[in-house]
Amino acid sequence: MDIIRFVKNWTLPISMVTGALSYFIYASIPALDFTHPFVSEFTSIIQPVLIFCMLFLAFCKIAPHELRPHWWQFWLLLIQMGLFCALSGVLCLFPDTSYRLILEGAMLSILCPTATACAVVTMKLGGNAAATTTYTMAVNLAVAVLAPLMLPLAHPQEGIAFLPAFFIIIRKVFPLLFCPLLAAWLVRYCFPSLHKKCLAQKDLAFYLWAIALAIAIAVTCKAIMHSSEPVLQILGIAVVSLFCCIFQFAVGKWVGTQYGCRIEGGQALGQKNTVFIIWLGYTFLTPVTAVAGGFYSVWHNLINTYQLYKKRKQDEALVK
């Protein structure tokens, strides 16, 4: 029982360590080199499936009428998009700066939309999952519009036009957000007995997220280890992603507190879709900046681990 309790209490750090160790052990066995293409293909399939199932279970607990805008969401959206535009403007004005990679890493860390798993962690912390889901939808749409407009200005590349880039981003992020939501509502209204069974699965969504996180950390390790940039540049990106992570959690909590939504505000602005950061870096910016997503994944999950620890201690104190 002590082992089971330990695993439940420290699910996220165990998941992160498992993902990292799995990658390094797997990559260090030459006899398995021929399996790399198959594993990459399997990973690209299983991760979206896990995320879909996780979100479906989480969205089963959210009724359509609960998805409504709040003022704190407007202010967070304004802060997030405003900071991104400001950083883009700096790179437009100083295209040859020696700090380009650091600034691009900061841009990705700020621009990146809220993680699809945010609703799951928000519920675990005792917050309103519907509020963070509403923000997740809004920020994804904002990113789909602003990213194709600003990224080509900050990092000019041939062949990147607004409309194609807009539809690429929409195709990348929205199916995994809207499809599980629509499926959950379909089950809610058409299959009430199945919906009741889904609601009974209290922590399954969280543990599915832990498995998806282990895979994401393994992918992160691969991105970092295959980078050919100098160590100092990589460390610079790591530090700036840490600063952006702490800053966004703090600002999100501060803004949310003004409207009685401290947990929701912090998670909405601080917890990011780090796989999307990696993809944006490879697609629109200097590929090495994609490691910002990997480092951010570590930072925001460490913060979530600490928050879950505090929540558990508070619950235990109430029981006593």
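User: Let's start with one residue. Is Thr 136 buried or exposed?

Analyst: The general idea: a residue is buried under 20% relative accessible area, exposed over 50%, and partly exposed in between, using a 1.4 Å probe and protein chains only. Thr 136 has a relative accessible area of 4%, so Thr 136 is buried. One caution: this is a predicted model, where local features need pLDDT of at least 70, side-chain atom pairs count only at pLDDT 80 or more, and totals for chains, interfaces and linings use all residues. Residues are numbered from 1 along each chain as its sequence is written, and side-chain values use heavy atoms, with hydrogens and water left out.

User: Where is Thr 136 placed, and which residues does Thr 136 touch?

Analyst: Helices here are DSSP runs (H or I, at least four residues), as are strands (E, at least two), numbered from the N terminus. Thr 136 sits in helix H7, residues 129–154. Contact means heavy atoms within 4.5 Å. Leaving out residues up to four places away in sequence, Thr 136 touches Thr 114, Ala 115 and Leu 177.

User: What about Ala 200: buried or exposed?

Analyst: Ala 200 counts as exposed, because its relative accessibility is 56%. You'll find Ala 200 in helix H10, residues 192–200. The C-alpha atoms of Ala 200 and Leu 57 are separated by 9.7 Å, though the two are 143 residues apart along the chain.

User: How do I read a helix pair, and at what angle do H12 and H13 cross?

Analyst: Axes are lines fitted to C-alpha atoms, for helices over the stretch in contact, and angles run from 0 to 180 degrees between N-to-C directions. The axes of H12 (residues 231–258) and H13 (residues 262–270) cross at roughly 145 degrees and come within 7 Å. Residues making the contact include Phe 249 and Val 251 of H12, and Arg 262 and Leu 269 of H13.

User: And the whole chain: how many helices and strands does it have?

Analyst: The chain has 15 helices and zero strands. Buried residues make up 49% of its 320 residues. Of the contacts between residues at least 6 apart in sequence, 83% join residues at least 24 apart.

User: What does the radius of gyration tell me here?

Analyst: That radius is taken over C-alpha atoms, and the globule rule is 2.2 Å times the number of residues to the power 0.38. A compact globule of 320 residues would come near 20 Å, and the chain's 20 Å agrees. Along the principal axes, the C-alpha atoms fill a box of roughly 60 × 55 × 40 Å.
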